[in-house]
Amino acid sequence: MIIAETTLTPETGAYGYLLTLGEDCPWPPEWPYGWRCGPIGTDTVHILTDTDTGTITITLQIHDEPPPPWTDPAWGSAEEMSLRATEGAPVIHILGSGDFEEAEPEDGPLQLPVDHLPASVRMRLYCHTPDPEPGVGDRGERHLIQLWAAARQPPVHPRLTESHLTQRRAYKEDFDQSAAAWQQ
């Protein structure tokens with residue numbers, strides 16, 4: 001059952017956004033090409049968008065038990081992953097050109113349904129974009145993120161293609177070179 005829900009409508013860019021359940025908010029060292037979302041450490045997930053620059057709608061739900069699957073055929077398949085919460089409220093960070101902007105819900109932060117921290121939380125993500133080709137402007141993109149307390153489980157993602165693995169390697173090489181240049 002849903003115990004809390006909020007909707008955000010942030011402006012996003014080509015980099016997507018982060019959902020974090022901890023204090024640290026690192027820049028993604030690897031893009032989750034081939035997936036809609038991918039982990040950054042144990043408490044943060046990087047979520048990609050189809051909208052290059054424009055508004056998206058993010059609905060964040062907190063559940064007291066695993067929610068039933070969303071069956072609307074207009075929405076994409078669910079992706080799931082387990083996260084380690086070290087903070088009691090999830091935070092959305094929009095990725096800019098090398099920086100982060102926190103997207104705050106108008107009705108205040110939601111609290112995770114956990115008795116103590118750190119805790120294991122399961123995240124399920126559904127996405128819907130009427131026109132999934134990447135582009136600029138409001139494309140009607142909507143994301144549904146469901147969170148609930150649960151023991152760690154393996155992630156649920158689509159199978160990666162060789163093209164996705166090549167994109168991941170290229171980004172990682174570029175990121176490693178950029179990080180080395182920043183350190184000098």
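**Entry 1: strands**

In which sense do strand 7 and strand 13 pair, and over how many bridges? I found that strand 7 (residues 57-63) and strand 13 pair in the parallel sense, over six bridges. I noted the rules: strands (E, at least two residues) are DSSP runs, numbered from the N terminus, and two strands pair if DSSP finds at least two bridges between them.

I recorded that this is a predicted model, in which local features need pLDDT of at least 70 and side-chain atom pairs count only at pLDDT 80 or more, while totals for chains, interfaces and linings use all residues. Residues are numbered from 1 along each chain as its sequence is written, and side-chain values use heavy atoms, with hydrogens and water left out.

I then looked up strand 11 (residues 119-128), which pairs with strand 13 in the antiparallel sense over eight bridges. Here Arg124 stands opposite Gln146 in strand 13.

Next I checked burial, where buried means under 20% relative accessible area, exposed over 50%, and partly exposed in between (1.4 Å probe, protein chains only). Strand 13 (residues 142-149) has six of its eight residues buried, so the strand is largely enclosed by the rest of the structure.

**Entry 2: nonpolar cores**

I defined a nonpolar core as a set of buried Ala, Val, Leu, Ile, Met, Phe, Trp, Tyr and Cys residues joined through side-chain atoms within 4.5 Å. The largest one has 25 residues, and Tyr17, Met123, Ile145 and Leu147 have the most contacts inside it. Among the elements that give two or more residues to this core are strand 3, strand 7, strand 11 and strand 13. Strand 11 gives the most, with four residues.

I listed the contacts (heavy atoms within 4.5 Å) of Met123. Leaving aside neighbours within four places in sequence, Met123 touches residues including Leu19, Cys37, Val45, Ile145 and Leu147. Another core, of seven residues, lies apart from the largest one and includes Leu18, Cys25, Trp31 and Leu48. As a general remark, nonpolar side chains in soluble globular proteins tend to be buried together.

**Entry 3: aromatic rings**

How many aromatic pairs does a search of the whole structure find? I counted six. Rings of Phe, Tyr and Trp (its six-membered ring) pair if their centres lie within 6.5 Å; planes under 30 degrees apart count as stacked, over 60 as edge-to-face and the rest as tilted.

The rings of Tyr15 and Trp31 have centres 6.0 Å apart and planes at 85 degrees, so this pair is edge-to-face. Tyr15 lies in the loop between strand 2 (11-12) and strand 3 (17-20), and Trp31 in the loop between strand 3 and strand 4 (37-40), 16 residues apart. Tyr15 is partly exposed at 33% relative accessible area, whereas Trp31 is buried at 6%.

Trp27 is partly exposed, at 23% relative accessibility. Ring pairs link Tyr15, Trp27, Trp31 and Tyr171 into a cluster.

**Entry 4: cysteines**

I searched for disulfides (pairs of cysteine sulfur atoms within 2.5 Å) and found zero. For Cys37, the nearest cysteine sulfur is that of Cys127, 7.7 Å away. Cys37 is buried, with a relative accessible area of 0%, and Cys127 is buried too, at 10%.
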